[in-house]
Each structure stands twice: as C-alpha cells, then as structure tokens.
Amino acid sequence: MEKYILTNDIIKNHTERMLNLRKFYPFFSILQSGISAPSESGDVAIDMGYITLAVLRYLINENNFNEREVTRPEVRRFLAEILTRDYELTMSKSEMENLTDSIFDKLTNGGKAFEISFFDPADRKTKIIRVRLIEANVHESEVTYSITEEGIEFYLSTKEMKDESRISTDQLLLEKLIKAENYSGGIDVISRINLEVSSLHKKRDEAVALLLSDVHAGTAAVDDFMASTSRWFEEERKSFTKSRELVDKAASRLDRSSNGKAVRDITRLETLLKQAIDNHSRLIKASAELSRFADEMVSRKKMQILRNTFDFEEALSSLEKVDAPDRLAALISPLLTPKCEKSFQISMIDSIVLKKINQDDVTEKVEHQVADLSFRYEDEILSEQTGRNFAMLFRELLERLEKWDKLTLREYNAILEMKFTGDIYKNRDYFAYLVHLSEKDNYSIRGMLEQQETFLEELAVKYMSDTDKERFADIRFRLVFGDEEVAIEESSVTDITFERM
C-alpha cells in the first residue's frame, strides 16, 4: 500500500509540479546564453541574470505603478543606462542600440515562447510547456511590451518587494490572470493579498501595543508604518476597483451553458475579492485611527512630564552624581526667604459672602478631548446593517421551511411583503441577498454552524441567536432553479423553489 501511494503521488502530481516550475525555466535559459560587449580593456561579459531581473523590475514599475506599457526605444534607453553605469561601456549610439536590441531579443526569445518538453507519466507521452516572461502587444501600429503573469510570479519568488506595495504588485498579477481566464490562479492570488492585508493589520496592532508601553519607540513604529504602508493606499484602492470590474465582466459572460468549474471559480473569486476590499477598507480606517491615537498618546506623555510636585531626594541624588554642591543654593534659597503672613479684617467676611460674582471673572471649563477609539464610520455602520438584513431574510426562510417542505420564491416574496411591506424591494440588500443565497445549491444549517463556506453563511451565523441556532440546526434544504422569471417591481429574477431534504 505504501509503495502504491508513493508511486501514485509521483505519477499524478508530476505534471502539476512541472507547471509550477515553468516560470523559472526562461531565466536559467537566458542565464546560459552569455553575451559580451567590446570595451577599451577588452570584451566585457554581461551578466544576463542581473539584466533579466532589472528589466522585469522596470516593467513591473511601468505596467503597474505607472499603468502603461513600454516601447522598444524606452527599453533601449533603460538598458543603455544600466550598461553605461554598471559596466562603464563607451560606444557609439548605433553600437549601443545593436547591443541593447540583442540583449532584449534574448529576454523575449526573439518573440517566441520558451518551450520546455517533459514526460507525463500519467498519459505516458512527452508534452511541451510554453512560457513567456515578457509579452508583446500591438496598439495603433505600435509594438509595446509588458510583463506576463509568469514573469510577475517569478520576480515575486526571488525576493519580497520592500520599496513598493506588495498588494499592488499582486493585483497586477490578478488582473492578468483574470484576463487570461485563469480564475483558479486568481483565487490563490486573492488569498495571498488577504494574508498581506492581515499582516499589515498585525503590524498596526503591534505599533499600538508599543505606543502603550513606550511612546518614543511607538511613535517611531507608527511613522514607519505610515511611511511604508499608507502612501500606497490610493494606488491599491484603484487596483481593487479595476479587479472588481474585470470580475464583474467575467461574471456577466456566464450563462447556463458555462463550465461548472468556471462558474464556481468566478463565484469564489467574487466572494474573496469582496472580502479583500472590505479588509483593505478597514485597514485604511484603522491606519487613520492609528495616527490620531499616536497624537493622543504623545499629548498624554507631555502632560505626565509636567509634574506638579518636586522630589528633593531625587534632586539631591542627581547633584551627588555630578558632584556639584554649589547647585544646592538653587534648591535652598527659596526656603530661606522671609515668611510673609497675610491677613484680612473680620469685617471683610460679610463682604466676601454677600458680594456678587462678576460674570467676567467666571472661569471657563476646558474639557480635555480624548480620542474616541470606538468611533465608527458610516460605511461600517452600513456594512453591519447589511449583515443584519441578510441574516433577517435568511431567518424568515428558515422559519417557513421549518413548517413547510417546499416554498417557492413567489410565496417567499409574498411573506416578506406581508411582514415588511412592498418597500422590501426598494432595499438593494434584498437582491444582493438572493445573489449570495444562489452561490450554493443546498444548505445544511448544522454544517453551516460548524464551518461557513460563503459570505452569506458567515453573516447568518454571526447574527443568529443561540436559540435560533438550536431551533433550526436540523434543517437541510436545496435550491431548485426554474426556467421562468419572477417579476419583482420593475425587475425580474429566475424562479427558485426551496425544498427540504
């Protein structure tokens, strides 16, 4: 049995492992194709590994951060700058152009894909994988170049990007994967983005904890966090918007004849992308609160420094350490001044008690402003309200299925109209709820309580009372989609029948 498992693992997973390794092949192929340039001291060997990584980094910067593709003359100028600066090459303009064109042709493999042949033990035949690090596109009779998804994956696997936003770079890869209809790959990238956002949340929490223990170190940590993170927020927000538009376009192209796996992948991609956008929005708000909290902690520290008491023992100890007894005069002289006794006549007591207070002399009460760390923005309140609406609509469905074995969408809508009036259809949460409900074709409440698979299940469990969890735990039902359309106000949706299982 162990031998069977070992052999099966080798055979079944070989093709997938080769596909994962394909992004490294072009780099080592380019590395072996050496190239040299003439100089005054003889031929200079050009390190193609260094040149390859430099060009990929240049393309990531132009394609993602500047949102533009580059032309051949721009690549020539970039390569010429590297060769002149790092290799101190001095040659004519035409010679430099020939050298840079020769180098770039090696990076693009002369416009052809790099081919890797390997034996597939599962099918027992040789297969070929084709991969590019750089792709060419034609726009208005002009050839432009951009980095491929394999090129981005390869570059990210060499080193974590410190100077730029890792989230923005992953989003560039996500856009390319969606355009290539590689939705399963996009799911992996979205998961990676969510991990990066969670890491930034953790870094923000660490800065808060440091502020509470050491204001100076905490302030430095906050400044570092804001400098390395917050300056990319706007770019990341724009990239999320572009990714959302691409996913929406992919979803709009789906129909009943679409591949089942593609439908599931796009639905999963939509859900994960929404979670990533929500998490990123919370990170932006938390970062804004972090700056205010840091200012508040610094203000408190300043107030603590201004003490209203004087410690003579500490002062004496300080003078002993510096061996400066002459400074004692500054401490003792105020104590040796003549004592001035002040008194007033007994007759003044009545005057003091009966005298009216001049309103101009009334002091103004100054309230100390403290940052409210529990402050919530309107969109956070709206998000919570949406969650409660989803949970409420789901609970209404469970109440009916508890009594009936079958319920149509028309009957469900009629119940909602009786309870909430026809205004229920004016709430956009109703239609969003139906979309999320249709992500799965069957539901088990007990299984849902143990593990939530969709956004709707997370909200339903979150806002479900303990009594309802026990009451509805045994309900299992499925969604049967019909061929007719149910008219709702000025809209229509596909008919659904909810059946107990």
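**A few side chains and helices**

Guide: The side chains of E62 and N61 are joined by a polar contact of 3.4 Å. Keep in mind that this is a predicted model.

Visitor: Where does E62 sit?
Guide: In helix 3, which covers residues 48-65.

Visitor: Is E62 buried or exposed?
Guide: E62 is buried, because its relative accessible area is 11% and the cut-off for buried is under 20%.

Visitor: Which residues is E62 in contact with, leaving aside neighbours within four places in sequence?
Guide: E67, R68 and V70.

Visitor: What about F27 and F154?
Guide: They form a tilted pair, 5.1 Å centre to centre and 35 degrees between the planes. F27 lies in helix 2 and F154 in helix 6, so the pair ties together parts 127 residues apart in sequence. F154 is buried, at 3% relative accessibility.

Visitor: Which residues form the aromatic cluster?
Guide: F24, F27, F28 and F154 form one cluster.

Visitor: Now helix 19. Why is it described as largely enclosed?
Guide: Six of its eight residues are buried, so the rest of the structure largely encloses helix 19. Among the buried ones are F455, L456 and V461.

Visitor: Last one. Where does K440 lie?
Guide: Over the face of Y443, 5.2 Å from the ring centre.

Technical notes
Residues numbered from 1 in each chain as written. Predicted model: local features only at pLDDT ≥ 70, side-chain atom pairs only at ≥ 80, totals over all residues. Heavy atoms only, no water. Helix = DSSP H or I, 4+ residues; strand = E, 2+ residues; numbered from the N terminus. Buried < 20%, exposed > 50% of the residue type's maximum accessible area, 1.4 Å probe, protein only. Polar contact = N/O pair within 3.5 Å; in protein donor to acceptor, adjacent residues only side chain to side chain. Contact = heavy atoms within 4.5 Å. Phe/Tyr/Trp six-rings, centres within 6.5 Å; stacked < 30°, edge-to-face > 60°. Lys NZ or Arg CZ within 6 Å of the ring centre and 35° of its normal.
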